[in-house]
Amino acid sequence: MNCSKVTGKALTSIGEIFKNLQGVWNFRREIRSKLISSPSGLVEGRATFSEYFENDLEKETRNQYLYSEEGTFIIEDGKKLSVSRQYFYEYDRLQDSIQVFFTTSESTKGSFFHSLSFPLEDQDPDECRATGKHLCGADHYTAHYGFPFSGTNSFDVQFQVIGPQKDYITSTHFKKLETTECTT
């Protein structure tokens with residue numbers, strides 16, 4: 001797959017998209033729930049994609065990032081909660097593909113979550129688009145990723161989750177921190 005466009009620092013391949021994820025990102029996530037039992041609100045925080053290998057063989061065939069985020073969830077009623085989550089993002093060079101995995105309680109790679117698919121018919125002149133799907137029991141998760149061609153300092157992810165007890169959409173915008181912003 002090739003999401004090519006000749007503009008400045010454009011991302012032109014799945015491998016380049018994956019490589020660009022490494023680093024520290026600020027994020028802002030809007031959560032819109034249709035159910036009263038599941039609150040709507042806003043999450044703001046910081047996320048990091050850090051290299052991670054469980055063994056030397058993995059280093060030879062694939063690249064992995066441990067994705068870790070921490071933030072504050074501001075519920076519509078004004079309450080604030082601290083939130084965190086982790087995933088593994090893996091680029092398999094042999095398959096030229098990106099997969100996302102859950103983490104275990106020990107922060108190791110757990111079960112498969114979804115694979116990013118880059119359908120040619122769903123591409124846009126301004127961004128490289130990818131989708132991922134996951135079925136968890138009766139709950140359907142659909143992810144939409146957007147990687148702008150205009151540069152490498154932002155991307156968007158939207159999840160739609162529908163199930164017997166779930167009906168919400170999350171829209172997350174990531175903005176990469178400059179190296180000087182990462183120091184404390």
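The largest pocket of this predicted model holds about 460 Å³ of space. Its lining comprises 26 residues, of which Arg29, Arg85, Tyr87, Phe159 and Thr170 lie closest to the centre. A pocket here is an open set of points on a 1 Å grid over the protein atoms alone, with protein on both sides within 12 Å along at least five of seven lines, and a lining residue has an atom within 4 Å of a point. The volume is the space filled by probe spheres set on the points, which are joined across faces, edges and corners.

Two or more lining residues of the largest pocket come from each of β1 (23–33), β2 (41–51), β3 (62–75), β4 (80–92), β8 (139–148), β9 (154–163) and β10 (166–176). Strands are DSSP runs of E with at least two residues, numbered from the N terminus. By class, 19 residues of this lining are nonpolar, three are polar and four are charged; Ala, Val, Leu, Ile, Met, Phe, Trp, Tyr, Cys and Pro count as nonpolar, Asp, Glu, Lys and Arg as charged, and the others, Gly among them, as polar.

The second largest pocket has a volume of about 160 Å³. Among its 13 lining residues, His144, Tyr145, Gly146, Asp156 and Gln158 are the closest to the centre. At least two lining residues come from each of β7 (127–136), β8, β9 and β10, and β7 provides the largest share, with four. This lining consists of three nonpolar, six polar and four charged residues.

Ser40, in the loop between β1 and β2, is buried at a relative accessible area of 11%. Its side chain reaches the backbone nitrogen of Ser33 at 2.8 Å. Asp96 belongs to the loop between β4 and β5 (97–103) and is partly exposed, at 28%. Buried denotes under 20% relative accessible area, exposed over 50%, and partly exposed the range in between, with a 1.4 Å probe and protein chains only. The phi of Asp96 is positive, near 50 degrees. Most residues other than glycine have a negative phi.

A further contact involves an aromatic ring. The charged end of Lys109 sits over the ring of Phe101, 4.6 Å from the ring centre; the criterion is NZ of Lys or CZ of Arg within 6 Å of the ring centre and within 35 degrees of the ring normal.

Residues are numbered from 1 along each chain as its sequence is written, and side-chain values use heavy atoms, with hydrogens and water left out. In this predicted model, local features need pLDDT of at least 70 and side-chain atom pairs count only at pLDDT 80 or more, whereas totals for chains, interfaces and linings use all residues.

Terms used: On a 1 Å grid over the protein atoms alone, a cavity is a set of points where a 1.4 Å probe fits but cannot get out, and a pocket is an open set with protein on both sides within 12 Å along at least five of seven lines; lining residues have an atom within 4 Å of a point. A polar contact is a pair of N or O atoms within 3.5 Å; within protein, one must be able to donate a hydrogen and the other to accept it, and residues adjacent in sequence count only if both atoms are side-chain atoms.
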